[in-house]
Amino acid sequence: MIIYDKKELRVTCEKWKREGKIIITTNGCFDIFHAGHVEFLEKAKALGDVLVVGINTDESIVQLKGNKRPINLLKDRVKVLDSIRFV
């Protein structure tokens, strides 16, 4: 499931809380996705029922890592993370 809107995310999280679900959140650049990312996300998901992953914008990655980044644009990073069943 992909949610871009903060209001929609808030409503969805409130629903999950009413259902008694434990929500785990994390974020990152996920620019050059590798096995360490998978392991990190698997461990985060094991801590709760739902894993919510925030992804840095392209602009924030430029600020963090320099003008040659990101390698993969946000839309592509979202697609990769969305393909992971436990995210």
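Residues are numbered from 1 along each chain as its sequence is written. In this predicted model, local features need pLDDT of at least 70 and side-chain atom pairs count only at pLDDT 80 or more, while totals for chains, interfaces and linings use all residues.

Let's begin with the chain. The protein chain has four helices and two strands, in the order α-β-α-β-α-α from the N terminus; helices (H or I, at least four residues) and strands (E, at least two) are DSSP runs. Its C-alpha atoms fill a box of roughly 45 × 30 × 20 Å along the principal axes.

| Property of the protein chain | Value |
|---|---|
| Buried residues (under 20% relative accessible area, 1.4 Å probe) | 31% of 87 residues |

The largest pocket has a volume of about 790 Å³. Of its 27 lining residues, Ile 3, Leu 9, Val 52, Val 53 and Gly 54 are the closest to the centre. Two or more lining residues come from each of α1 (6-18), β2 (50-55) and α4 (74-82), and α1 gives the most, with seven. By type, the lining holds 17 nonpolar, two polar and eight charged residues; Ala, Val, Leu, Ile, Met, Phe, Trp, Tyr, Cys and Pro count as nonpolar, Asp, Glu, Lys and Arg as charged, and the others, Gly among them, as polar. A pocket here is an open set of points on a 1 Å grid where a 1.4 Å probe fits, with protein on both sides within 12 Å along at least five of seven lines, and lining residues have an atom within 4 Å of a point. The volume is the space filled by probe spheres set on the points.

Note on methods. Side-chain values use heavy atoms; hydrogens and water are left out. Buried means under 20% relative accessible area, exposed over 50%, partly exposed in between (1.4 Å probe, protein chains only).
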